[in-house]
Number of protein chains: 2
Amino acid sequence: MGEFDLIDRYFKRPVRRAALGVGDDCALLAPAPGMQLAVSSDMLVEGRHFLSTVDPARLGHKALAVNLSDLAACGAKPLAFTLALAMPQVDKRWLAGFAKGLLALADEHGCELVGGDTTRGPLNICITVFGEVPAGAALLRSGARAGDDIWVSGTLGDARLALEVFRGTLQLPAEAFEIARARMEQPTPRVALGLALRGIATAAVDVSDGLVGDLGHVLAASGVGAALNADAVTQLIALGAPASGAALGVEVQRTCALAGGDDYELVFTAPASARKAVEQAGHASATPVARIGCIEAAPGLRIVDASGAPLTQRFTAFDHFG
Amino acid sequence: MGEFDLIDRYFKRPVRRAALGVGDDCALLAPAPGMQLAVSSDMLVEGRHFLSTVDPARLGHKALAVNLSDLAACGAKPLAFTLALAMPQVDKRWLAGFAKGLLALADEHGCELVGGDTTRGPLNICITVFGEVPAGAALLRSGARAGDDIWVSGTLGDARLALEVFRGTLQLPAEAFEIARARMEQPTPRVALGLALRGIATAAVDVSDGLVGDLGHVLAASGVGAALNADAVTQLIALGAPASGAALGVEVQRTCALAGGDDYELVFTAPASARKAVEQAGHASATPVARIGCIEAAPGLRIVDASGAPLTQRFTAFDHFG
């Protein structure tokens, strides 16, 4: 099967909103008047971002989800994406599964595949995603101000628990492991929350490399510091509840929640006066939100417990060249 | 050196036209009113699209050039691009060279780097490029009509000659090899010609996989056939001239010119009534153009010699999964 047949067979579908889709030299996008186009690219490499044993449908989901998560962090509405795919050989079963997971999530978000490239090579998935946002309305990393609350969506740390099980450093009961594994392999991009936070949040970023590291980008871009309540954060591990049977130690919980990575939740800031509006945005988008700290004028991130006492443990972000 | 330092050190520059550049979750692009955005992605893999020994500056040039060539084939004006890069390790000398070649070509075309991703993995370069074109003015593959002339820009086949030297199937004098090698490693995207052909050409495609194969995409998309003058095409090999000293056999010349690949020239169609306009577009963009055949109503591609007699030799496109 040749390169062009591959695209046709597995990925080509009728174009809806784009002016021109898969099959010409370029795709053509026509943003609505007054709209800016938000663009993000993520590259996923086997062994680094996913295990070779992952179900291809889950991988297709995740490859697009991590890109949609970037749109969510900007408050942009998904429009379209391109897919570039290098594969060591043509594996029809793998391709069918990958396309199924990818296109199911794309459909869920009305995000259409408009172009791309396939080639032979070590497995590598590169997606570039396009969204639209009214000019001036994008959520940036640079807007956090002293006094703002720090919020985070959903749950944190469970994806990292699954990774540690795969690495053999942790054991979980079967049911708990499946919950953690689903979080690692099929993250939920918080697109609806990002849209609902337009005009409310002052800054936002998605948690891909770990809460502490990604919040650090907001602090650096905004020229501020923060106090982060480690106890509030640690409560956000779904498997941290005694009922899960996971029986996690406090250090494991703190590390995974604060610096686990692969969460694809939104961490964002908003003035204290907007607490009700943030809660309504969470409710309207059916996304849990929790207040986990506050922005301060003094630079640096201070991680404290519920009593305000500083933690001595160090937490660092996951760095792909660390 | 960490992932974020890498981006900052080698690739981050002040943003000019984009609303927001490298360093947030998304880049923001603001197309001018009435403009459509043309988008294309290409993925380059070591050993498949380039040799491991290639000069990194030339590779940086080529990685962007092949994407700009897609914009050229649509008649789109380059605006911006994203870069996703997987590398087995951080090699500062390689990165500095790659960035230099990449950004020099980007500057030449006013095309700014607005975002991307870096990660550890087998060497893989994925660029997504954005250009603008007035709504309805893009050159598509589907517009060729019976009676149209077929034109091609520049020279054809020299890149393939260099590849055959690297493969050991051909020998060239040192000077001729350097000419061929430069064509293979530093193709010239025909952006100015593509812009000049708006409103003149009825269809266009860039020659990446070989003239015969890429022209075939135009024929298929347009529902037409063509007669291609193999002798006119073969004359377009720069190293085919006796003065080059390359002393190429006629079969080698035909194969390389008709199906060599990696040329990044434009093959396009235009009505016979537009011959003067096409020549003026070539002149205005300082790009040689040559008439090499004509579109016919009957499906299929007929390759003929200067007398009109059909050639029996078969020419096929380069297929990354062939």
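Q: How many bridges join strand 8 of chain B to strand 11 of chain B?
A: This is a predicted model, and in it 5 bridges join strand 8 of chain B to strand 11 (residues 300-304) of chain B. The two run parallel.

Q: What stands opposite L228(B) over there?
A: I303(B), in strand 11 of chain B, stands opposite L228(B).

Q: And strand 8 with strand 10 of chain B, parallel or antiparallel?
A: Antiparallel, over 4 bridges. Strand 8 of chain B covers residues 225-229, and strand 10 of chain B covers 289-296. As one pair of partners, take G225(B) and E296(B).

Q: OK, switching to the dimer side of things. How many residues of chain A are in contact with chain B?
A: 55 residues of chain A, in contact with 55 residues of chain B. The elements of chain A that each supply at least two residues to that side include helix 1 (3-11), helix 2 (56-74), strand 3 (77-87) and strand 5 (124-134).

Q: Which element gives the most to the side of chain A that touches chain B?
A: Strand 2 of chain A, with 9 residues. By class, that side of chain A has 30 nonpolar, 14 polar and 11 charged residues.

Q: What rotation superposes chain A on chain B?
A: A rotation of 180 degrees, with 0.0 Å of shift along its axis and an RMSD of 0.0 Å. That is the relation of a two-fold axis. Also, 100% of the interface residues of chain A are interface residues in chain B too, so the copies meet through the same surface.

Q: Which residues have the most contacts inside the largest nonpolar core?
A: That core has 206 residues, and the ones with the most contacts inside it are A38(A), L211(A), A38(B), L139(B), L211(B) and F268(B).

Q: What is F268(B) in contact with, leaving aside its neighbours within four places in sequence?
A: L139(B), W151(B), L197(B), A201(B), A203(B) and A204(B).

Q: Now domains. Where do they fall in chain A?
A: The domain assignment gives domain 1 as 3-134 and domain 2 as 141-304. Their centres, taken over C-alpha atoms, are separated by 26 Å. 18 residues of domain 1 of chain A are in contact with 18 residues of domain 2 of chain A.

Q: Which element gives the most on the domain 1 side of that contact?
A: Helix 2 of chain A, with 12 residues. The domain 1 side has 10 nonpolar, 4 polar and 4 charged residues. Helix 2 of chain A also supplies at least two residues to the side of chain A that touches chain B.

Q: Is its neighbour A246(A) buried or exposed?
A: Buried: A246(A) has 24 C-beta neighbours inside 10 Å, whereas A247(A) has 13 and counts as partly exposed.

Q: What does A246(A) touch beyond four places in sequence?
A: L172(A), P173(A), A176(A) and L239(A). A246(A) also sits 8.5 Å from F177(A), C-alpha to C-alpha, though they are 69 residues apart in sequence.

Q: Last one: which residues of helix 4 of chain A are buried?
A: D158(A), A159(A), R160(A), L161(A) and A162(A). What covers the buried residues of helix 4 of chain A includes helix 5 (174-185) and helix 9 of chain A. Just after helix 4 of chain A, G168(A) takes a positive phi of about 85 degrees.

Methods:
Residues numbered from 1 in each chain as written. Chains lettered and ligands numbered in written order. Predicted model: local features only at pLDDT ≥ 70, side-chain atom pairs only at ≥ 80, totals over all residues. Contact = placed C-beta atoms within 7 Å. Nonpolar A, V, L, I, M, F, W, Y, C, P; charged D, E, K, R; others polar. Core = buried A, V, L, I, M, F, W, Y, C linked by C-beta atoms within 7 Å. Buried ≥ 20, exposed ≤ 12 C-beta atoms within 10 Å, placed from the backbone. Domains from an automatic or database assignment. Least-squares fit on C-alpha atoms with pLDDT ≥ 70 in both. Pairing = 2+ DSSP bridges.
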